[in-house]
Amino acid sequence: MEEKSLNYYLQPCQLKKFKLLRVIIIVITILLLIFRIWFYWPDSYSSTDEPPIREQSPPPQQCGPRTNGRQVSLVAVKETKTILASAYQEHRKGKKEVRVIAVVLRKENAAYRCLFCCLDKLLISESISHSNIHRDHFDFAYGTADIMCPLPSGCETTSHISLISSAAKAEEIRYDVSFLEVKNQEVKSDSLSYKFTVCISTMFDFTNVLQLVQTLEMLQLLGVDRVVIYKTNCSKETQRVLDYYTEKGLVEVIPWSWSRFLKVSRGFMPSLDPGDLHYYGQIPALNDCVYRYMYKSRYVALHDIDELILPQSVNSWSELLPRLEGKYGADKCYMFENNVFPTTVRKPPPASQTLPTQSPGWQNVPGVNILAHLYQEPIIKETDYMRFKIIVNPRAVFSTSVHGLLESQKGCSWVDRNIARMYHTRAPRQPNLKPEQLLYNDRLLSYTDRLIPAVNSVLRESGLLPEDKSH
């Protein structure tokens, strides 16, 4: 039997409806194809994976932070094991570039392209950047690094910067990138905000409240007007003290937690304290602090909360530093001998000495009382030049480590211990010493007339010491 078409069986009215439906389906199909091609087609075509142009108009709010005003920190670079900490304009190398302080997997040898926010346009570097890994990494898998990004032509300054893997695709360049603010836009050598800044890193699991207050008050007596603390975590009593000093304008607290990216070590040796990164990210914190205050502070000191650099013949750093510059030269890094006062030993002073009266309430404040530990370990050859700390002109520094600088313009000089030295109140370094082998040193007592009332005032105002009802 002859095969009939579908139209043979349809009535004329039905046939018209069928034809109309078919036309509608064809039109819709064509429109969907046009929309798909338009939506997914790149802005410009190239036969290679590299975008043919280096200037792009980013989507709204992409060129810059996307955090509703919150501070951007610790940006991970996709397709690499690199984490970006901060970015600073570098003015001292003879060319316009941005220094990105980062933590990198040392064995990876990643390559990057730099993304610049320049006048609200996104510029992508033509050249490839690599990391310069600092030599002090203590054999941990990750180390601190500088990644230098030369500014592209036509871009005098950049407000924000980010990095991508050099292998990233064009669509990855344009979308889903987090940026860091570029600081140090202007060079300043005078009219600086602070004279002495102390960088303290890193604060973790911290409960040593009494020594924290004593140290911060001692630093102010020495002339310090800014203290920067890189904090991972601390007790609630510590936080009350930090809030108090932050409100007073002395302390700046930088949140410093790498645990969402890496397993941080609690110590200095991978074999004893396993982890990816040395001591809660101490080295990137110190480098960040030097650059953060490069054009804010005349001098920067790098030491811990249990350390104090004390002049021996004058009473303040304001008097000390001109002497150091005159003796050793200006713009140097000054290295101070480490003298340990073990907290495991409590001895009364010699018969000829009398300790000043201290508040009995200090016994109820958690932490070490530095005025109760005035006996120091003798300096021996094995430890004479170990674990020293420094005061520097930050504008003469390129990179630093925990003890001393890695790269600077004028190098470092040891300070004569009779001019100044560091007092380190902590667990013993020479635990086998007998108490009678320790040496009495009462230099700290010369500050007690001002120190004790200041500490009492802070503890009361922080709610850690009962109010004095006798007045």
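Asn184 sits in the loop between strand E10 (180-183) and E11. Strands here are DSSP runs of E with at least two residues, and helices are runs of H or I with at least four, numbered from the N terminus. This is a predicted model; local features need pLDDT of at least 70, side-chain atom pairs count only at pLDDT 80 or more, and totals for chains, interfaces and linings use all residues. Residues are numbered from 1 along each chain as its sequence is written, and side-chain values use heavy atoms, with hydrogens and water left out.

**Asn184**
- Asn184 is buried, at a relative accessible area of 12%; buried means under 20% (1.4 Å probe, protein chains only).
- A polar atom of the Asn184 side chain lies 2.9 Å from the backbone oxygen of Tyr291.
- Leaving aside residues up to four places away in sequence, Asn184 touches Tyr88, Gln89, His91, Tyr291, Arg292, Met294 and Tyr295. Contact here means heavy atoms within 4.5 Å.

**Salt bridges**
- A salt bridge puts a side-chain nitrogen of Lys or Arg within 4 Å of a carboxyl oxygen of Asp or Glu. The count by this rule is 15.
- Glu252 pairs with Arg226 at 4.0 Å, N to O. Glu252 lies in strand E13 (residues 251-255) and Arg226 in strand E12 (residues 226-231), so the pair ties together parts 26 residues apart in sequence.
- Both Glu252 and Arg226 are buried.
- Arg292 also forms a salt bridge with Glu252, at 3.8 Å, N to O. This pair links helix H6 (residues 282-292), which holds Arg292, to strand E13, which holds Glu252, 40 residues apart.
- Arg292 is buried at 8% relative accessibility, and Glu252 is buried at 19%.
- Shared partners join Glu90, Arg92, Arg99 and Asp146 into one salt-bridge network.
- Within it, Arg99 and Glu90 have their closest N and O atoms 2.9 Å apart. Both residues are buried.

**Largest pocket**
- The largest pocket holds about 810 Å³ of space. A pocket is an open set of points on a 1 Å grid where a 1.4 Å probe fits, with protein on both sides within 12 Å along at least five of seven lines.
- Its lining has 29 residues, with Tyr279, Asp304, Asp306, His424 and Arg426 nearest the centre. Lining residues have an atom within 4 Å of a point.
- Strands E11 (194-203) and E23 (420-426) each supply at least two lining residues. E11 gives the most, with four.
- By class, the lining has 11 nonpolar, 10 polar and eight charged residues. Tyr counts as nonpolar, Asp and Arg as charged, and Gly as polar.

How values were computed: Points joined across faces, edges and corners; volume = space filled by probe spheres on them. Buried < 20%, exposed > 50% of the residue type's maximum accessible area, 1.4 Å probe, protein only. Polar contact = N/O pair within 3.5 Å; in protein donor to acceptor, adjacent residues only side chain to side chain.
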